[in-house]
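Thanks for coming, everyone. I have a short walk through one model today. Please bring it up on your screens.

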Amino acid sequence: MMMVARLIRNTPVEGLLAYLNATGIPLGEGVDWEQERAKLIVPLIKESQTLGAEHQALFCRDAERINALATESGQDAMLAAVADQDREPLMLMVNGYARALWLFLNDELTFRRAEEIHFADTRRLGRFWEGFMGPTDIAVSSAPEHHRQFEARIAERFGSAKVHVEVYPRERVTLEGRVLHLVQVVAYREGLPKSALVFEGDDVVCDFQRPALEMSITYEADTGVIEVVTDKRENREAVARVFAETLLETEFSDQRIPLRCYDLTSLITPREFPTEPADGIESIKLTLVQFRPDKDQGRKATFEASRKTNETVFRDMDPWLRENPQEYFSPSIHKATLSVKFHPEKGRARAKIISVKISLPNGCNLGSATEKERLICEKYLRYWGMVRDV
């Protein structure tokens with residue numbers, strides 16, 4: 001019920017009342033909704049924990065979806081999904097929870113599209129993402145027969161009985177504020193059946209469900225970049241090929257966009273991490289370094305420091321390096337973690353801290369989920385000499 005409590009704490013009273021009226025969840029029926037909002041929160045949270053199982057399940061499911069779009073990355077996705085004329089009224093609402101809840105209640109299709117955009121953008125550059133170079137300046141087909149061809153080939157590839165595809169234009173804003181015009185293709189395929197024991201009257205029976213599994217493709221006509229988010233590397237190439245051959249009506253080149261390669265050699269000695277004041281970064285601290293032997297023999301060595309103290313990894317790392325030159329003939333840092341602390345934003349007491357985890361050759365936990373993540377990933381890792389051009 002943590003998701004429910006978060007929604008209650010952050011949602012304006014009128015939005016919460018609208019949700020309860022729309023869903024019929026019997027919460028707050030004996031509460032004086034006219035009293036000060038701060039006095040409503042705790043009683044409502046406590047009462048939510050006494051709801052019946054069906055109402056609790058519904059509340060939890062909806063709260064999880066709404067809370068996801070109330071985040072910074074969710075707000076970006078939501079604004080990318082709504083039409084231009086609808087953005088200003090949404091932006092005038094008091095916070096992200098109010099906007100996400102309003103969209104959830106009033107425009108189910110746009111809300112789901114925002115979820116699909118959020119799914120694609122928060123997984124960019126991650127382990128389920130792959131980018132390919134395609135042809136430029138081609139219109140994605142809206143012809144029903146091409147959509148049916150796409151669905152049939154995806155069904156054949158994954159052995160799915162059902163596939164549903166949706167195609168729509170959208171935008172993505174870069175770190176520099178440049179607007180990229182994309183077409184997003186979302187495909188849902190029927191997964192393997194899952195079973196659960198349920199009551200049917202007074203009897204316990206086995207209920208089977210087939211989940212709808214999501215995959216995403218984006219295409220930028222100006223550059224020809226095709227990005228795919230789905231499981232397994234070979235599946236991503238296959239999905240990109242199907243997209244190119246059916247919806248772009250062109251041959252597919254398997255030329256991949258090179259993954260960013262990292263270089264951690266500069267972290268072997270104490271160093272500074274310079275920043276520009278306008279970016280609002282208060283401090284950067286190296287909190288973890290892991291060495292890997294040059295050969296398959298020997299042990300890994302990990303040095304870690306708390307981000308809450310002034311202690312650094314170099315306190316223990318430097319003596320170890322002097323004592324173990326024979327084991328690490330050329331010390332190689334395999335993993336590192338940086339703690340990046342931002343100055344508190346206006347109106348907030350707590351500072352935002354982002355943990356940046358890098359592993360060679362291409363691993364990084366940051367993607368394009370938030371503006372601060374993009375700032376670190378797209379600007380500062382290169383600025384600090386931790387990205388190697390390939």
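I will go through some helix packing, then one glutamine, then a few backbone details.

A word of caution to begin with. This is a predicted model.

Let's start with helix H7, residues 96-106. Is H7 enclosed or open to the outside? Eight of its eleven residues are buried, so H7 is largely enclosed by the rest of the structure. The buried ones are Gly96, Tyr97, Ala98, Arg99, Ala100, Leu101, Leu103 and Phe104. Note that Arg99 is on that list.

What covers them? The cover includes helix H1 (2-10), H2, H4 and H5. Helix H6 (84-91) and helix H8 (108-122) are also part of the cover.

Now look at the start of H7. Asparagine 95 caps the N-terminal end. A side-chain oxygen of asparagine 95 lies 3.2 Å from the backbone nitrogen of tyrosine 97.

Next, one of the helices that cover H7. H4 runs over residues 53-70. The axes of H4 and H7 come within 8 Å. They cross at roughly 125 degrees. The two helices are therefore oblique to each other. The crossing is right-handed.

Which residues meet there? From H4, we have Asp62, Arg65, Ile66, Asn67, Leu69 and Ala70. From H7, the partners are Gly96, Tyr97, Ala100, Leu101 and Phe104. By class, that contact has seven nonpolar, two polar and two charged residues.

H4 also packs against H2, residues 13-23. Here the axes come within 12 Å and cross at roughly 130 degrees. That makes H2 oblique to H4. This crossing is right-handed. H2 brings Tyr19, Leu20 and Thr23 to the contact. H4 brings Leu58, Phe59 and Asp62. Four of these residues are nonpolar, one is polar and one is charged.

On to the glutamine. Glutamine 75 lies in helix H5, residues 72-81. Buried or exposed? Its relative accessibility is 10%, so glutamine 75 counts as buried; the cut-off for buried is under 20%.

What does its side chain find in there? A polar atom of the glutamine 75 side chain lies 3.3 Å from the backbone oxygen of glycine 96. Leaving out residues up to four places away in sequence, glutamine 75 touches Leu69, Ala70, Gly96 and Arg99. Gly96 and Arg99 are among the buried residues of H7.

Last part: the backbone. Most residues other than glycine have a negative phi, and most peptide bonds are trans.

From leucine 360 to proline 361, the bond is cis, with omega near 0 degrees. Proline 361 sits in the loop between strand S12 (353-359) and strand S13 (363-364).

Then lysine 232. Its phi is positive, about 65 degrees, although lysine 232 is not a glycine. Lysine 232 is in the loop between strand S7 (225-229) and helix H10 (233-246).

Finally, glutamate 249. Phi is near 55 degrees, again positive in a residue other than glycine. Glutamate 249 is in the loop between H10 and strand S8 (261-262). With a relative accessible area of 54%, glutamate 249 is exposed.

That's my tour. Over to you for discussion.

Key
Residues numbered from 1 in each chain as written. Predicted model: local features only at pLDDT ≥ 70, side-chain atom pairs only at ≥ 80, totals over all residues. Heavy atoms only, no water. Helix = DSSP H or I, 4+ residues; strand = E, 2+ residues; numbered from the N terminus. Buried < 20%, exposed > 50% of the residue type's maximum accessible area, 1.4 Å probe, protein only. Polar contact = N/O pair within 3.5 Å; in protein donor to acceptor, adjacent residues only side chain to side chain. Contact = heavy atoms within 4.5 Å. Axes fitted to C-alpha atoms, helices over the stretch in contact; angles between N-to-C directions. Parallel < 35°, antiparallel > 145°, perpendicular 65-115°, else oblique. Left-handed = near helix turned anticlockwise from the far one by under 90°. Nonpolar A, V, L, I, M, F, W, Y, C, P; charged D, E, K, R; others polar.
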